[in-house]
Amino acid sequence: MYEPKSKANLKSLTHPLGTTIDRFILQRQNEFPHATGELSQLLRDIVLASKIISREINRAGLSGIEGLTDEENVQGEKQRMLDVIADVRFIRALVNGQQVCAILSEEREGIIETGRNEAKYVIAIDPLDGSSNIDVNVSVGTIFSIYKRVSEVGGPFSDKDFLQPGINQVAAGYILYGSSTMLVYTTGYGVNGFTYEPSLGEYFLSHQNIIQPEWGDYYSINEKQKDSFPKNIRAFLKSCKKKDMNTRYVGSLVGDFHRNLLKGGIYLYPSTQKYESGKLRLVYECNALALIAEQANGMAINGSERILEIQPEWHHQRVPFYAGSKQLIMNLQAF
Ligand code: P6P
């Protein structure tokens, strides 16, 4: 057995950074004596699909799959080939993994039954958010949200399984396909980030126990429709300008959210003339990011209430979304 020269060596040998995501998931599962391993397997299914999507995205320009299909999705948005590929890959991995009884996807109007009625979880997913950025090589992301079903295990899923407030999520997170591919997730006990090493096909722990800075110098918003923003939002934006804060908006929610999570900042998508209830989706975009934000000591509101406490009425429901550094959100609330 290797005998390190000093304690310090041992420490460097056992430093948690470098732990693979599989080992991390297992370590966390072992902390819960009653854990059956089903949630761990579900997380591994997401990891698998994300590796496949990462590869597809990184070669999109070469394989001619960055373009548009001639289909529209439930959002009324033109579907891109990679939207469809990501949707199919995640659904296939989740169905084969057998840990969910139903799947809600941004790309599909209806909920997908997996035929696994014995499974106790359901998952809501935005397979590829911001995909219009792919052909200009800007980061895009997958967002996922996992709930314990409220319908009876063994029976069919119910719509109610997907209409739970975000506070009920058992796990949530995102994959950011950026300069590197990162997976960031929480099971309610802190937020951890893993960086993908394609040459090894492994994710390694790279950002342990992420805490969002209480302040930040970035605000992320598309001001094109500022004249139709609510008055308090316009007043808040004016105060940001007065403080000479930086505007950073890549037009990809996961990219903007992740930068603000690490550096401090606030992402805003208010109600606008075009999107009266805001553009972002509560169930498979805002709830997952709101749980990450709060678990990292940040905040996420719809203007008046915690995102996580909103009772969803519809699976594709839109809400105004303000998420980021605690002090910035509290300043916004003061307006
Ligand atoms: P706008 C991408 O379509 C998206 O859903 C988010 O990823 C992004 O933050 C937002 O919409 C961009 O919307 O209206 O600024 O183009």
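1. A quick definition to start: on a 1 Å grid over the protein atoms alone, a pocket is an open set of points with protein on both sides within 12 Å along at least five of seven lines. A molecule sits in a pocket if more than half of its atoms lie within 2 Å of its grid points. Here, the ligand takes up the space of the largest pocket.

2. Please keep in mind that this is a predicted model, where local features need pLDDT of at least 70 and side-chain atom pairs count only at pLDDT 80 or more, while totals for chains, interfaces and linings use all residues. Residues are numbered from 1 along each chain as its sequence is written, and side-chain values use heavy atoms, with hydrogens and water left out.

3. Around the ligand (a heavy atom within 4 Å) are residues including Asn-222, Ser-252, Lys-279 and Leu-280. By class, this shell holds five nonpolar, four polar and two charged residues; Tyr counts as nonpolar and Gly as polar.

4. Polar contacts are pairs of N or O atoms within 3.5 Å. Polar side-chain atoms lie 2.5 Å from a ligand oxygen for Asp-129, 2.6 Å for Tyr-249 and 2.7 Å for Tyr-267. Taken alone, the ligand exposes 400 Å², of which the protein buries 80% (Shrake-Rupley, 1.4 Å probe).

5. Now the rings: there are eleven aromatic pairs (centres within 6.5 Å; edge-to-face means planes over 60 degrees apart). Phe-157 and Phe-162 pair edge-to-face, at 6.3 Å and 75°, and both are buried (under 20% relative accessible area).

Conventions: Polar contact = N/O pair within 3.5 Å; in protein donor to acceptor, adjacent residues only side chain to side chain. 1 Å grid on protein atoms, 1.4 Å probe; cavity = no way out; pocket = protein on both sides within 12 Å on 5 of 7 lines; lining within 4 Å. Phe/Tyr/Trp six-rings, centres within 6.5 Å; stacked < 30°, edge-to-face > 60°. Buried < 20%, exposed > 50% of the residue type's maximum accessible area, 1.4 Å probe, protein only.
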